[in-house]
Amino acid sequence: MRKTLAATLTGILLFTAFGVNAAWAQTGDSRTIEKARAKVEKIGAGSKTKVEVILRDHTKLRGRISHVGVDDFTVTNAKTGTSQTIAYTDVEKVSKGGSGLTMGSWILIAAGAGAAITLGAIFHSIRCNESGC
């Protein structure tokens with residue numbers, strides 16, 4: 001009786017552990033798929049926006065979205081003219097390919113330029129007050 005109870009409890013624990021992990025993995029995959037689908041739909045087909053798509057096998061594709069479907073989308077490379085249809089299930093990440101600088105980078109550049117101009121004006125006024133410009 002004890003061996004049967006122990007075997008049953010062990011089986012239940014193993015089943016529960018593996019079942020929960022499989023459910024978590026599927027939830028993570030479905031979130032990634034939905035994020036990719038939402039990003040592609042937001043950018044839209046025929047847009048002049050450049051995109052970079054990173055696949056699950058770590059392949060990077062760059063181009064423009066030329067077609068958006070329910071289960072897949074097509075990226076066309078402007079330089080080579082080749083098109084590749086990609087299933088949402090194969091996508092790890094979709095991002096805009098822009099100039100490479102994020103909004104935060106532009107803000108830091110502007111803040112640095114503003115600080116340099118301000119300091120220059122302060123030092124100029126100090127120099128003019130001392131020597132009489």
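These are my notebook entries on what I looked up in the predicted model above.

**Ground rules.** I number residues from 1 along each chain as its sequence is written, and I keep to heavy atoms for side-chain values, with hydrogens and water left out. As the model is predicted, local features need pLDDT of at least 70 and side-chain atom pairs count only at pLDDT 80 or more, whereas totals for chains, interfaces and linings use all residues.

**Overall layout.** I began with the elements and found two helices and five strands, which run α-β-β-β-β-β-α from the N terminus on. Helices (H or I, at least four residues) and strands (E, at least two) are taken as DSSP runs and numbered from the N terminus. Of the 133 residues, 20% count as buried, where buried means under 20% relative accessible area, exposed over 50%, and partly exposed in between (1.4 Å probe, protein chains only). Looking at contacts (heavy atoms within 4.5 Å), I found that residues 24 or more positions apart account for 41% of those with a separation of 6 or more.

**The sheet.** I then traced the strand order, which is β4-β3-β2-β1-β5 in an open sheet of five strands with antiparallel pairing; two strands are said to pair if DSSP finds at least two bridges between them. The edge strands, each pairing on one side only, are β4 (83–87) and β5 (91–96). The twist averages 45° from one strand to the next, with axes as lines fitted to C-alpha atoms (for helices over the stretch in contact) and angles running from 0 to 180 degrees between N-to-C directions.

**Strand β1.** I looked next at β1 (residues 50–55), which is joined to β5 by five bridges, the two running antiparallel. On this side Val53 stands opposite Val94, and Leu55 has Val91 as its bridge partner. Towards β2 the pairing is also antiparallel and extends over five bridges, with Val51 standing opposite Gly63. I recorded β1 as mostly covered, since five of its six residues are buried.

β1 and β2 form a hairpin with four residues between them. In the loop between β1 and β2 (60–68) I picked out His58, which has a positive phi of about 70° although it is not a glycine. I list His58 as exposed because its relative accessibility is 67%.

**Arg37.** I went back to helix α1 (residues 2–43), where Arg37 lies. Is Arg37 buried or exposed? Arg37 is buried, because its relative accessible area is 18%. Leaving aside neighbours within four places in sequence, I found Arg37 in contact with Val70, Asp71 and Tyr88.

**A nonpolar patch.** Last, I looked up a nonpolar surface patch of about 540 Å², made by Leu101, Met103, Trp106, Ile107 and Ile109. Patches are made of residues with over 30% relative accessible area and no salt bridge, like charges being joined within 9 Å and nonpolar side chains (Val, Leu, Ile, Met, Phe, Trp, Tyr) within 5 Å; a salt bridge is a side-chain nitrogen of Lys or Arg within 4 Å of a carboxyl oxygen of Asp or Glu. Leu101 has its place in the loop between β5 and α2 (103–131), and I count Leu101 as partly exposed because its relative accessibility is 40%.

Terms used
Accessible areas come from the Shrake-Rupley method with a 1.4 Å probe; for residues, only the protein chains shown count as cover.
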